[in-house]
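Hello,

Here is the structure I promised to pass on. Have a look, and my notes follow below.

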Amino acid sequence: MAGSLSICDQRSRLAKLLQTVNVAHLYQDDKTFVDKPTSKPPREVLNDFRNISTNTTVYGQLVTFLQEDFTGEGQELEAITLQNFNPEPAFLSNVTDPLVKAFAQTVHGFWTQLVRRTNSSALCGNSNRCESSLIPLNHTFVVPGGRFREQYYWDSFWIVEGLLESELYDIANATLQNFMDQLDTIGFIPNGGRIYYLDRSQLPVFIQMLHRYVTKELAWWDRERSISVRSPFTNDTHKVYRYSVTNSAPRPESYLTDYTTANDPNLPSLNETQRAALYAELASGAESGWDYTARWFTHGPANATLRDLNVRRTIAVDLNSVLYGAHLALEDLYGNSNSTARSRHVAAANALRAGVLDLLWDEQKLAFYDFNLVTNARNQMLTAATFYPFWVGIIPDEVRGSAQAAYQAFSSIHLVLNRYNGTYPATFVDTSLQWDAPNTWPQHQYIALKALHRLPSNVSSGPLPSRPDGQSTFALLPPGQLGVSETELPGQPITATQNATATGAGADINLLNGTVTNGGNASTGSERWTAALERELANRYYASAFCSWYATGGSIPNLLPRRSDEELNVTESTSSSGHMFEKFSNLDIDSAGRGGEYTVQAGFGWTNGVLLWVASNYGDVLTAPQCPSLLDGVAAAAVAARRGGRGRSGGSSSASGGTRVMTSWPAFALSLIAATLSGLLI
């Protein structure tokens, strides 16, 4: 902020302001405050804040200060009308089932609600009349939805996939132009379109979206995130990559949640160095996109908390796979025009492939695992990241040479489809964190489908294997692959109070003759095992998106009537018209996912994008979803779990972003606020 204050004084007062407002928990979502532009010049805002006293009326003073010195969040952006919107894009002709087609067309229409552009009339710019956290963009873009009211990096990959299917080529092009502008002006692509994201990026998928400007992004990852690791398996040294944000303070958009994690009075106190290291871990987890998951814990999920994050000392499967794919994309880009550059990227890709196979591939368990620099060994937990190497073409020799090994590398998908009602979870442990079970994410289903399709024909023929007599599909997995025993797997509810049996053939509750529940129709002829898993997973993803939308008030005129108020009362959706959620539950396809720092968000960019991609590519095998009852108690239990299962102390998001009226404050918060205002804390 500008004014006569020194830079040091400005930063000190800004830190106190941020801490005071977030510790007071004046908004349900920490992100609300940091997205609000000021309504006055920065110097006046800081002076007004300084004049708040520490007496018993401090709460009311803070509320008045925020009302008078700040405006509404998101006002710097505005919705636009899509002038070239085609209500019936060509991909719909690939879809045969009438209800499936109608739902795809409905989701296609959601783009009209998510396209934004910078509202130049509301920008602060360099006028010194106000201050804003927005990074203005020159071109239109799609927001994910909910609290995510700006452009985001890795979300945009799957958004662009959907935009292309929807024939919104100009919006897809504009999205890429924004990223190119950021590479030119910032030097890398930040996590999202706010200045508080400028210390971190996200999974570098821009290179997969566009073969231009990508050398700038690769150079940034090579300079900022590479590390040399000596393999304990071969003694070879590899240059590989990690998420590693330099950060020593809470993330502004999740300030209170980070601050509470570091200063929780019920846990051992941390010194300044330990707090700074924890804040860096929390920011690095956000850079990964998996914020948060037991995947990042130093010694696994047992008795771990977010203080046990080990993101910066983990060589992540997905990150290194995507960077391998980036080098291949550049090899393809250069073609014969620059043999030197092409050779450089071929060599870099080959070197990274060797590192991925050496450090991350387990030839006995037939899966990829993150490498832990603290333990100098692979982690034992299987995650959805295991499919990323296959997606970009890293296919181990064991898989390339054996149909049985190829199946076993993907056998966990078979298990999920037979055992659970939903799609593939992020992990197979339930920690209440949003990137663990039972949550499933749209992009992981996309990558699993792409990975299955990438397998060579010599190992993808033949039918799906059958279970041994009296056993479940778990028996078909390589020993130890999941990192948990069969009895440790999350249970699949069959009533409000009872789960399916944990072992034996009865655990596969969704297995039918030649298909699975909500897995499409069984093939009438010979069907490759990979094609069968693709058909079933594509249908199951479609069912998850459709049924959770239908369970929250969705309807289609003259084809799909709205559910009764009695049913919609169960999902608290009597006033809703259907939500497309950012994540789902693999236990109940009527429900969204749960856990995390904020309530489940609706909109939702990557969900819509993946659904339209699935409709376009699997439309001929998609069948109308069969949604479970909302009145059997299972859905109500899922709603209750989602409401109470954030896993951290984050509040819920609010459409209005209004201040919360609190009847009382805990002594812990009052003491922190008083200390901050007195200048004792920064």
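Phe-179 and Phe-206 are both buried, where buried means under 20% relative accessible area, exposed over 50% and partly exposed in between (1.4 Å probe, protein chains only). Please keep in mind that this is a predicted model, in which local features need pLDDT of at least 70, side-chain atom pairs count only at pLDDT 80 or more, and totals for chains, interfaces and linings use all residues. Residues are numbered from 1 along each chain as its sequence is written, and side-chain values use heavy atoms, with hydrogens and water left out.

Rings of Phe, Tyr and Trp (its six-membered ring) count as a pair if their centres lie within 6.5 Å; planes under 30 degrees apart are stacked, over 60 edge-to-face and the rest tilted. That rule gives 47 aromatic pairs.

Now the disulfides, each a pair of cysteine sulfur atoms within 2.5 Å. There are two. One joins Cys-124 to Cys-130, S to S 2.0 Å, and is left-handed, with -120 degrees about the S-S bond. Both Cys-124 and Cys-130 are buried. The other joins Cys-547 to Cys-627, S to S 2.1 Å. Its torsion about the S-S bond is about -85 degrees, so this disulfide is left-handed. Cys-547 is buried at 0% relative accessible area, while Cys-627 is partly exposed at 23%.

Best wishes
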